Amino acid sequence: MNYVRNTWYVAGWAQDFELNKPVSIAILGEPVVIWRNSENALAALENRCVHRLAPLSLGRCEGQKLRCMYHGLLYDRTGAVTEIPGQDLIPPNAKVRAYPVREKHSWVWVWMGDAAKADRAAIPPSLALDDPGYRLKAGQLDYTAHYLLIDDNLLDLSHLSFAHEKTLGLDMPQWADQRPRLAPIERGLHFERWLADHPPRGFMKKTLGERVDVFNRYDFVFPGIFLQRTGFYPPGTAQASGGQAPEAAPLFWRIDEQAVTPIGPRASRYFYAAGARTDDIEPDRLERLFAVTEVAFNEDKTLIEAQQKLIDLDPERRMLPTSLDAGPTQFRKMVDGLARQPAG
Amino acid sequence: MNYVRNTWYVAGWAQDFELNKPVSIAILGEPVVIWRNSENALAALENRCVHRLAPLSLGRCEGQKLRCMYHGLLYDRTGAVTEIPGQDLIPPNAKVRAYPVREKHSWVWVWMGDAAKADRAAIPPSLALDDPGYRLKAGQLDYTAHYLLIDDNLLDLSHLSFAHEKTLGLDMPQWADQRPRLAPIERGLHFERWLADHPPRGFMKKTLGERVDVFNRYDFVFPGIFLQRTGFYPPGTAQASGGQAPEAAPLFWRIDEQAVTPIGPRASRYFYAAGARTDDIEPDRLERLFAVTEVAFNEDKTLIEAQQKLIDLDPERRMLPTSLDAGPTQFRKMVDGLARQPAG
Amino acid sequence: MNYVRNTWYVAGWAQDFELNKPVSIAILGEPVVIWRNSENALAALENRCVHRLAPLSLGRCEGQKLRCMYHGLLYDRTGAVTEIPGQDLIPPNAKVRAYPVREKHSWVWVWMGDAAKADRAAIPPSLALDDPGYRLKAGQLDYTAHYLLIDDNLLDLSHLSFAHEKTLGLDMPQWADQRPRLAPIERGLHFERWLADHPPRGFMKKTLGERVDVFNRYDFVFPGIFLQRTGFYPPGTAQASGGQAPEAAPLFWRIDEQAVTPIGPRASRYFYAAGARTDDIEPDRLERLFAVTEVAFNEDKTLIEAQQKLIDLDPERRMLPTSLDAGPTQFRKMVDGLARQPAG
């Protein structure tokens, strides 16, 4: 399938882009170099010098510019070569592609399509890691798999009862037995569901008591932005709410924010943060919550990379959709539509 | 060349299939999951869930069934899905292929062709590792090579004089200088030969004396079942037998039983056991005999994997058969015939 | 692009070919075995037994001959099989290709084309590592890259100012800012240039003083033979020489001799020696000079292997030549001509 070009892709955690240190990443199979110059401004260029096709990410930041450290061509932030050592004339085609790049909340976003259509307002809302109202911890994981397999996973949380039965699944068969409500949103889907009468574990058991009702909701937006809130409520709240979203604030809120970025046909990068409101969680408990979360994400990785290998072994083999697949099916249909739109 | 489907393939040593622990193996490039359920019965299915193509080998055994631990589909031993979480209807095509699987002696065998033709009696005879009459030790080795290159090796023991001159070759040029007698057997070849007037080495020298006559014979059956007996006799027995098979029991019998399984076009698994009659060998001597044997098998692996690389570097290059090649040539002709038979 | 066949290629340092130890190397994608027999004579054959295509490099040297240690075929130095175990008749096509091979100075050279055209005199002149007039240290490095990318690098030393600014570049922007004089030579190019008014570093600062004029010259001959002399002169010599080659001997001569060998389409081997006249350098200083040189060669390797990956990611992408590229451009044009010549 074609990639969708006119979209913001997460290139990394903002904190990982240090001053004057170019970062190499491939997005949609294209080599990109991103750097934060000495004035703290980000720039993103095609990561391939026009001269001899060496990577600019091995280059040196000079003020607002980036110099290729193979033979010294100097690039400005628009991708234009402004200096060729020992030569006065700069050919007009001495230029690499520049990509719109924005830092918003805690992610750096790159627009891979028509620059004229890049709209900062289209970047999905997420939390900043340094928001004082929250304690969040961030990580990332590289997959040898197509990004839509990871999206499928996040669009169907029924797998929590099986793949994560001992980690995130909370021993709750309801993840699989009961279907969430879905509603379309801009370039994505909104999910919500109640999981009633659940025994909390670990530190939550101490603070929340023997039973809780859990309200889980998330937005999932192309290309793979997952913004989830899981609220823990006193038992009975699910019924009192008539199965709808609760009005009261929860006793505890688990926050999960994730992004999936297509690196290439069989490579994806998965960014994730997890945490809770500052008042709800102490730093050491956040560490434990995050550690369990990373165990679970490696459970996914094992399954999805094996799934990718089986798909590649027999690419003609079709999946068999079940009622579990409302989310993945609707989302993939939307992605097909996006991929057919002209990139220009 | 096409694979031969209507055949039993060794999937592993029976002892390596523990209760309720699914094992993943590819045979003929197909993913297979094999498990021994809580009633000790084996089952073998295509290792790919119909739902989202995840491997069932990461699943959980439940009684006689196997559950996919991605989204929870439950399979019975015929490959039929019997449960989809949160859904009552099971589509009739929710089914994966089931393979006939048998445990016989100490190997687990899988039939990769038409199940109606699977005949347990067609499994070649081999020794059980726990036969009280023998002391045997078992191992296995993965090759990055086509299985017929390993078969070629076993079908022409002249290489013992060279590849294994310091290990299994026993310093005997006769392996190469003299041709064995060959006779066709069902789906294979029978080999036998005398190697006369040989000085035994190691512990055999102590028990057998300065010189022995050695009678070597083996059956080699498709896809790569090697059942060998090497008898050590008093000097003069070869001549007294007129070059034919001896009537008397040997002073010492070396037993070798091996199986080659095609995993994929450039992957094979080699199973082997070596030993002797219980009365002939003490456990520590078996350890030494087996250690030398494994050194020799790694000599083969080095040669055969290098040979495979050279073949792939120039696939048009033809081998030049010599009189050494009667075994490999006859066997490959038979394999060509088997591969042309319809699989159904 | 086709390989150039009628050329001497460096197969290794002479010292690395021990008596009776066959060495495996691929050149132009062809498997070659080279050995030095017990009479110290080199031979080079196609590294693939006619019988079952096993590598002869795993074989055993026997006098002037080489025996395949899979099934025992014996080869003479012309590539003819002279013995097949257990068989009297040797088929006339039992023969592998023999390559002309010569040891000259400290390299072993193999001719990959028409043997009738192999002319020892066409081997470029280089120093012997054991020449008492010099102290030289040798090494080698394997690249995952096409050999012409390494040639490009050596044909345009402007990269010293950038890629090696802290190692071989000597902090001199002149490498990039000033163009060397080029002149065609037999199958190659001659380069020379003055780099005036340069502050020496390290031990050279102590012996040469605060400033020197540097005269750099080298021949670069197909397939990648780089023979360089860098002379250090008293300040003012550049001007006094009118920019031409100096007549006087330098205060210090740095010697660099290198060879690039195409192993395959994306594999090359890079041989290098560096040093100085014996009177100019103590052994411990040679060690330091060589250590810095190897750091620099790894700087090249990082850049060139990344460049190769970017080329393969989009093979249609063209380089954009600049005035830096006179050397690479002229050389590649010459290589195109050589590659079009018939090999026979």
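Which residues does A343(A) touch, not counting residues up to four places away in sequence? They are R5(A), N6(A), G113(A) and D114(A), where two residues are in contact if their C-beta atoms, placed from the backbone, lie within 7 Å. The model is predicted: local features need pLDDT of at least 70, side-chain atom pairs count only at pLDDT 80 or more, and totals for chains, interfaces and linings use all residues. Residues are numbered from 1 along each chain as its sequence is written, while chains are lettered from A and ligands numbered from 1 in the order in which they are written.

**Chain ends**

- A343(A) belongs to the segment that follows α6 (326-340) of chain A; helices (H or I, at least four residues) and strands (E, at least two) are DSSP runs, numbered from the N terminus.
- A343(A) and N6(A) are 337 residues apart along the chain, yet their C-alpha atoms are separated by 6.2 Å.
- A343(A) counts as partly exposed because it has 13 C-beta neighbours inside 10 Å; a residue is buried if 20 or more other C-beta atoms lie within 10 Å of its own, exposed if 12 or fewer, and partly exposed in between.
- In chain C, Q341(C) lies in the segment after α6 (326-340).
- Q341(C) is exposed, because 12 other C-beta atoms lie within 10 Å.
- From Q341(C) to A176(C) there are 165 residues in sequence and 35 Å in space, C-alpha to C-alpha.

- In chain A, the axes of α1 (residues 147-154) and α5 (residues 283-313) come within 10 Å and cross at roughly 130 degrees; axes are lines fitted to C-alpha atoms, for helices over the stretch in contact, and angles run from 0 to 180 degrees between N-to-C directions.
- That angle makes α1(A) oblique to α5(A); angles under 35 degrees count as roughly parallel, over 145 as roughly antiparallel, 65 to 115 as roughly perpendicular and the rest as oblique.
- α1(A) and α5(A) cross in a right-handed sense; a crossing is left-handed if the near helix is turned anticlockwise from the far one by less than a right angle, and right-handed if clockwise.
- On the α1(A) side, the meeting residues are L149(A), I150(A) and N153(A), and on the α5(A) side D300(A), I304(A), Q307(A) and Q308(A).
- The residues of this contact are three nonpolar, three polar and one charged; Ala, Val, Leu, Ile, Met, Phe, Trp, Tyr, Cys and Pro count as nonpolar, Asp, Glu, Lys and Arg as charged, and the others, Gly among them, as polar.
- In chain B, α1 (residues 147-154) is largely enclosed by the rest of the structure, because seven of its eight residues are buried.
- The buried residues of α1(B) are Y147(B), L149(B), I150(B), D151(B), D152(B), N153(B) and L154(B).

**Nonpolar core**

- The largest nonpolar core has 289 residues; such a core is a set of buried Ala, Val, Leu, Ile, Met, Phe, Trp, Tyr and Cys residues joined through C-beta atoms within 7 Å.
- V110(A), V110(B) and V110(C) have the most contacts inside this core.
- Neighbours within four places in sequence left aside, V110(B) is in contact with Y9(B), A11(B), I27(B), V32(B), A44(B), Y99(B) and V101(B).

**Contacts between chains**

- Where chain A meets chain B, 23 residues of chain A are in contact with 20 residues of chain B.
- The elements giving two or more residues to the side of chain A that touches chain B are α2 (174-177) and α5 of chain A.
- α5(A) gives the most to that side, with seven residues.
- By class, the side of chain A that touches chain B has 11 nonpolar, eight polar and four charged residues.

**Backbone features in loops**

- F222(A) and P223(A) are joined by a cis peptide bond with omega about 0 degrees, and P223(A) is in the loop between β15 (212-221) and β16 (225-233) of chain A.
- H105(A), although not a glycine, has a positive phi of about 55 degrees.
- The loop between β10 (101-104) and β11 (107-111) of chain A holds H105(A).
- L53(B), a residue other than glycine, has a positive phi near 70 degrees.
- L53(B) lies in the loop between β4 (42-46) and β5 (60-62) of chain B, and is buried, with 22 other C-beta atoms within 10 Å.
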